[in-house]
Amino acid sequence: MARDLLSRYIWIVDTIRRYRRISFEQIRERWSMSQFSSHGETIPRRTFYNYRRAIEDVFGIEIRYNSSTFEYYIEESDEPRRGATITDWLLNSAATSSVVSESRQISSRIFLEDIPSAREHLNIVIDAVKHNHPVQFDYAPYTRVNPSRDVVVEPYFLNLLRQRWYMTGRNTADGKIKTYALDRIVKASMLPGTFEIPADFDATTYSSDSFGVIFSMGKPHDIRLRVDSRRARYLRTLPLHHSQDEYIHDGFSVFTYRLRLTPDLVSEIISMGGDVTVEAPDELRAMVKDQLRKALANYE
């Protein structure tokens, strides 16, 4: 029942956001065609008011009412945020699920990305993060033939990148903070003991200067990318990083960032091909050129 209520809350938030401003009668009409209605039943006004209060309690989202137009709306903040919050992700994922479930007649024409790492170990790791329990597992990275056995990690936070979930935490054997891909974990189990995250550790601060999942590689640099006008439109709608700034010129833009120089960042830049040129720093230019030379050598 709790899961069904959560789906109803998310449906209401998503519907109001899609329409921007919507009357209660319009909400009732959409509800009668939704997955929650049996034979065209509408949502009672009192029930909607109860859901409205619950949405503010659960998600911190206030659904406002304009008495002059008789419409409901959600005030969106103009302030930039650092990445997607878990509420954003939950709302987006559930809204997508809701829309797709209401469109089963065209399911053969809707193609979604697969996230295999979420199937087996995500629940265990989330519980471990929630209750501060260590996790024990065997780890088989792509770079090694033999897996590491009985790795014990105190998980600090989770990250989703390119269809893979990653867990970052303290390896109890060497005391270092490391990141592990959930799809390379074997035989994971949650240990009964508990741990305390250091008081001076903040997950947002720790990861804020990185693109990807490598968080401890050198110091952040000031980065400048020259981007053609077509690619610039993509970066405006889906920024690489929360530090992104844009300076528009005639026929191109210069995007600036404050980031660590990591393989994940190099791969992302290379994936944009000739649309992007690294202007600074020289270290990043050299890293990109080195990878491009290696790729080109495969065709010579």
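R149 and D138 form a salt bridge in which the closest N and O atoms are 3.2 Å apart. This pair connects distant parts of the chain, with R149 in strand β5 (residues 148-161) and D138 in strand β4 (residues 135-139), 11 residues apart. The structure is a predicted model, and a search of the whole of it finds 15 salt bridges. Side chains of opposite charge can pair when their charged atoms come close.

**The chain as a whole**

- The protein chain contains 10 helices and 12 strands.
- Of its 300 residues, 36% are buried.
- Among contacts between residues at least 6 apart in sequence, 60% join residues at least 24 apart.
- The accessible surface of the protein chain is about 18,900 Å², and carbon and sulfur atoms account for 49% of that surface.

**The pair R149 and D138**

- R149 has a relative accessible area of 56% and is exposed, because the term applies to values over 50%.
- D138 has a relative accessibility of 4% and counts as buried, because that term applies to values under 20%.

- D14 forms a salt bridge with R18, and the closest N and O atoms are 3.0 Å apart.
- Both residues belong to helix α1 (residues 2-19), where they are 4 residues apart, about one turn of the helix.
- D14 counts as buried, since its relative accessibility is 18% and the limit for buried is under 20%.
- R18 has a relative accessible area of 47% and is partly exposed.

- E75 and R64 form a salt bridge, their closest N and O atoms being 3.4 Å apart.
- Distant parts of the chain are linked by this pair: R64 lies in strand β2 (residues 63-66), while E75 lies in the loop between β3 (71-74) and α4 (86-101), and the two are 11 residues apart.
- R64 has a relative accessibility of 32% and so counts as partly exposed.
- R64 and E75 also belong, together with E62, to a network of salt bridges.

Definitions and conventions: Residues are numbered from 1 along each chain as its sequence is written. This is a predicted model: local features need pLDDT of at least 70, side-chain atom pairs count only at pLDDT 80 or more; totals for chains, interfaces and linings use all residues. Side-chain values use heavy atoms; hydrogens and water are left out. Buried means under 20% relative accessible area, exposed over 50%, partly exposed in between (1.4 Å probe, protein chains only). Contact means heavy atoms within 4.5 Å. Accessible areas come from the Shrake-Rupley method with a 1.4 Å probe; for residues, only the protein chains shown count as cover. A salt bridge is a side-chain nitrogen of Lys or Arg within 4 Å of a carboxyl oxygen of Asp or Glu.
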